[in-house]
Amino acid sequence: MMRKGLFACAAAGSLILGGLTACGDDGGSGSGGSDTGKVGVILPDTKSSARWATADLTYLKQAFAAAGVTADIQNAQGDKTQFQTIAEGMISSGVKVLMIVNLDSGTGKAVLDKARTAGIATIDYDRLTLDGGADYYVSFDNVKVGELQGQGLADCLAAKKYPKPVVAELNGSPTDNNATLFAQGYNSVLDPKYADGTFTKGPNQDVPDWDGAQAATIFEQMLTENRTIKGVLAANDTLGNAAIGILKKNKLNGQVPVTGQDATVQGLQNILAGDQCMTVYKAVKKEADAAAELAIALAKEQKPSTATSTVKDPTSGKDVPSVLLDPQSITKDNVKAVVDDGYVKAAELCVPQVAKACTEAGIS
Ligand code: BGC
């Protein structure tokens, strides 16, 4: 069983182009015993958020290694064809469990269908694959993430005391169900404020693939057409940083609050510098641990007991057994919480440009 697994792994490796060696991220030594199956994990890309190549990869590896379960963790680098190739390689290498972060629901579903046909248990990690029929789903309460963003922006704008400020919205990828949920959350806060005249509804656009470069182009266009933009609801730190770059170019940074998500080093530095209003911290370690716990049980052919809630797949109408975690709002006042939780290291965060702000925030 082990030898067959390793051979299939190496064979699949020759098909993989790009930075990652197939099976190079094996999380365990295979000491899980002959009846414990291997787990395959496909992460989406390394550009849309820093989290995937750093936090998720690291925490998942650690969780599988600690359990002595072999995990083949690969990254599709934003390429849907590569995503499917990796999945096929994992399926033919005999994984018992396949965990994916889809690049869109269509390719995600194609992969989940193939896995199911091969008798492999499936987990949607972070993003629900619409109509995908995964056995389990592990994520955060994504509507709550959006609500925190909407409320964070409202608080920052209230502090600025601008009369009826124009708010621009940079939504996440239109093919990511999470982006839909985030928007549902922040618009539940912003729409009533547009309606009662507290804020003025400005331009609103989706950013394909959560791509920072496209976000910068889109936001530059928004600002050119509407110089009075006074607040930016950016759906994650990548999009927020893109907007901040354009605001800097126009000497408007710090005057126009911008939101984010993921508590990336860059996002937290933008907050400490006064250029970003808030971010949302999602304790990825908890998410990775919860997903690995499910995968490990399934790899041992045990019935998991931790997915106690359900999420309704809006396309299929099916209830998916789920683990949903709680996100946390981060502003200049509590950046320290992210460091204290071990998600970001003070040495990495507190570069000279923000050293003073770090000290003021009690981070050392
Ligand atoms: C994740 C976010 C991430 C975004 C871009 C979403 O599905 O929930 O954490 O910032 O994708 O990768």
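A word on the model first: it is predicted, so local features need pLDDT of at least 70 and side-chain atom pairs count only at pLDDT 80 or more, while totals for chains, interfaces and linings use all residues. Residues are numbered from 1 along each chain as its sequence is written, and side-chain values use heavy atoms, with hydrogens and water left out.

Let's start with the cavities. The whole structure has 3 cavities of 30 Å³ or more; a cavity here is a set of points on a 1 Å grid over the protein atoms alone where a 1.4 Å probe fits but cannot get out.

Around the ligand are 14 residues, each with a heavy atom within 4 Å of it. Ser 48, Asp 126, Arg 127, Asp 176 and Asp 262 are the closest. By class, this shell has 3 nonpolar, 5 polar and 6 charged residues. Domain 1 (10–140 + 283–325) and domain 2 (142–282 + 328–360) each give at least three residues to the shell, with bounds from an automatic or database domain assignment.

Now the polar contacts, meaning pairs of N or O atoms within 3.5 Å. Arg 127 has a side-chain N or O atom 2.8 Å from a ligand oxygen. For Arg 51, a polar side-chain atom is 2.9 Å from a ligand oxygen, and Lys 282 also places one at 2.9 Å. Finally, the ligand alone exposes 310 Å², and the protein buries 100% of that, by the Shrake-Rupley method with a 1.4 Å probe.

Methods: Polar contact = N/O pair within 3.5 Å; in protein donor to acceptor, adjacent residues only side chain to side chain. Nonpolar A, V, L, I, M, F, W, Y, C, P; charged D, E, K, R; others polar. 1 Å grid on protein atoms, 1.4 Å probe; cavity = no way out; pocket = protein on both sides within 12 Å on 5 of 7 lines; lining within 4 Å. Points joined across faces, edges and corners; volume = space filled by probe spheres on them.
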